[in-house]
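Here are a few notes to read alongside the model. Have a look at the structure, then go through the points below.

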Amino acid sequence: MDHRAQQTQQAEPRTEPDRVQGSAISTPLATSDARLDRVLGGGYPLGTAVLLHGPSFCGKQQLLQGSLRHALRMGWNATLVLHNVGAAEMSQRLSRSDAITLEAEATGRLAYVDAVSPLLGESKGHPGTAYVEDPTDLE
């Protein structure tokens, strides 16, 4: 094979699906914003953790909720790590906009890690929630 043919072959995009924990899921998770999906090559890369950072009221929560609803509709599991509202409050917020979140909670496809409720003395009985008693507890 000559050098030019070798360069062309290396430049072609991969066509086989990515592997995520042994499955053949290959579709990135849509962000709920078409422009951002184009920049990210289709959405959030699979098998990654996503941290949304930005100033107040810039749309982080809406972006998260749109992506979460999309993932749950596709049958994927999701875990939200909560640092500013408790699991019960987040569950109420999510269920106001779409009943898919209540269904996912009931079937165990949506879980929470709540680092807020114990610190504020709030109830710790929300189903499918792991509570962090001390922010320095990393176990």
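Which elements cover the buried residues of α3?

1. Keep in mind that this is a predicted model. As for the cover over the buried residues of α3, it includes α2 (34–39), β1, α4, α5 and β2.

2. The residues of α3 that are buried are Leu63, Gln65, Gly66, Ser67, Leu68, Arg69, Ala71 and Leu72. On length, the helix checks out: its 14 residues should span 20 Å at 1.5 Å a residue, and the end C-alpha atoms are 20 Å apart, which agrees. Just past the end of α3, look at Gly75, which has a positive phi of about 85°.

3. Now the largest nonpolar core, which has 14 residues. The members touching the most others are Leu68, Leu72, Leu80, Met90, Leu94, Leu110 and Tyr112. Two or more residues each come from α3 (60–73), β1 (78–82), α4 (87–97), α5 (100–107) and β2 (110–114).

4. Zoom in on Met90: leaving aside residues up to four places away in sequence, Met90 touches Leu80, Leu82, Val85 and Tyr112. There's also a second, separate core of five residues, with Tyr44, Leu63, Ala71 and Trp76 among them.

5. Then there's the largest pocket, with about 1,400 Å³ of space. Of its 35 lining residues, Val50, Leu52, Leu64, Thr79 and Leu80 are the closest to the centre. α3, β1 and α4 are the elements that give two or more residues to the lining, and α3 gives the most, with seven.

6. What is that lining made of? It splits into 21 nonpolar, twelve polar and two charged residues.

Technical notes. Residues are numbered from 1 along each chain as its sequence is written. This is a predicted model: local features need pLDDT of at least 70, side-chain atom pairs count only at pLDDT 80 or more; totals for chains, interfaces and linings use all residues. Side-chain values use heavy atoms; hydrogens and water are left out. A nonpolar core is a set of buried Ala, Val, Leu, Ile, Met, Phe, Trp, Tyr and Cys residues joined through side-chain atoms within 4.5 Å. Buried means under 20% relative accessible area, exposed over 50%, partly exposed in between (1.4 Å probe, protein chains only). Helices (H or I, at least four residues) and strands (E, at least two) are DSSP runs, numbered from the N terminus. Contact means heavy atoms within 4.5 Å. On a 1 Å grid over the protein atoms alone, a cavity is a set of points where a 1.4 Å probe fits but cannot get out, and a pocket is an open set with protein on both sides within 12 Å along at least five of seven lines; lining residues have an atom within 4 Å of a point. Grid points are joined across faces, edges and corners, and a volume is the space filled by probe spheres set on the points. Ala, Val, Leu, Ile, Met, Phe, Trp, Tyr, Cys and Pro count as nonpolar, Asp, Glu, Lys and Arg as charged, and the others, Gly among them, as polar. The expected span of a helix is 1.5 Å times one less than its number of residues.
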